[in-house]
Amino acid sequence: MAAHVAWTSTLYALLTVARAPSVWGLFQNDDGTNPWSRYESRVSANLRNQFEWPLFFYVICLLELQQTLPPDSIQSVLAWVFVAGRLLHTAVQILSDNVRLRGMVFTVNFVAVLAMWARFLHT
């Protein structure tokens, strides 16, 4: 969970930098335009995505932490798959227009969290 919080914080910092030319007039092009305008909306959209499906990741992690037994190694691996998938999802969403690839990466995140839930409910 801490890794995802750190990543989300990084995205907030990136969004601040991307908006700096428009908001504060910093780092503008010579003509006064924002050199990061192409990426600003993508970073913003990705940041919003960090508060949608990840909610279910946080809930399952908190439920696991409430157990008397420590989470098993498979749950830990699935959690790291989710976090790595979020990083990859960000890269695909911000740096490309490949919606199909973004969907495939999201599916990895989705399935990792579903598998965490299935394992938790099965025990």
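Biologist: Does Phe106 count as buried, partly exposed or exposed?

Modeller: Buried means under 20% relative accessible area, exposed means over 50%, and partly exposed is in between (1.4 Å probe, protein chains only). Phe106 has 31% relative accessibility, so Phe106 counts as partly exposed. Phe110, at 30%, counts as partly exposed too. Before we go on: this is a predicted model, where local features need pLDDT of at least 70, side-chain atom pairs count only at pLDDT 80 or more, and totals for chains, interfaces and linings use all residues. Residues are numbered from 1 along each chain as its sequence is written, and side-chain values use heavy atoms, with hydrogens and water left out.

Biologist: Where do Phe106 and Phe110 lie?

Modeller: Helices here are DSSP runs (H or I, at least four residues), numbered from the N terminus. Both Phe106 and Phe110 are in helix H5, four residues apart, which is about one turn of the helix.

Biologist: And how many aromatic pairs are there?

Modeller: Rings of Phe, Tyr and Trp (its six-membered ring) pair if their centres lie within 6.5 Å; planes under 30 degrees apart count as stacked, over 60 as edge-to-face and the rest as tilted. That rule gives six aromatic pairs. Take Phe57 and Phe82: they are stacked, at 4.2 Å centre to centre with 20° between the planes. Phe57 sits in helix H3 and Phe82 in helix H4 (residues 73-95), so this pair ties together parts 25 residues apart in sequence. Phe57 and Phe82 are both buried. For Phe106 and Phe110, the ring centres are 5.9 Å apart and the planes are at 35°, so that pair is tilted.

Biologist: Which residues do ring pairs link into a cluster?

Modeller: Trp53, Phe56, Phe106 and Phe110.

Biologist: Now the helices. At what angle do the axes of H3 and H5 cross?

Modeller: Axes are lines fitted to C-alpha atoms, for helices over the stretch in contact, and angles run from 0 to 180 degrees between N-to-C directions. Under 35 degrees counts as roughly parallel, over 145 as roughly antiparallel, 65 to 115 as roughly perpendicular and the rest as oblique. The axes of H3 (residues 54-66) and H5 (residues 99-122) cross at roughly 30° and come within 10 Å. H3 and H5 are therefore roughly parallel.

Biologist: Which residues of H3 and H5 meet?

Modeller: Contact means heavy atoms within 4.5 Å. From H3 we have Phe56, Phe57, Val59, Ile60, Cys61, Leu63 and Glu64, and they meet Val113, Met116, Trp117 and Phe120 in H5. For sorting them, Ala, Val, Leu, Ile, Met, Phe, Trp, Tyr, Cys and Pro count as nonpolar, Asp, Glu, Lys and Arg as charged, and the others, Gly among them, as polar. The H3 contact with H5 has ten nonpolar residues, no polar and one charged.

Biologist: How do H3 and H4 pack?

Modeller: Their angle is about 155°, with the axes 12 Å apart. That makes H3 roughly antiparallel to H4. Pro54, Phe57 and Glu64 of H3 make the contact with Gln75, Ala79, Phe82, Val83 and Arg86 of H4. Those residues divide into five nonpolar, one polar and two charged.

Biologist: What about H2 and H4, at what angle do they cross?

Modeller: At roughly 150°, with the axes of H2 (residues 37-49) and H4 coming within 9 Å. So H2 is also roughly antiparallel to H4. The contact of H2 with H4 has five nonpolar, five polar and two charged residues.

Conventions
Helices (H or I, at least four residues) and strands (E, at least two) are DSSP runs, numbered from the N terminus.
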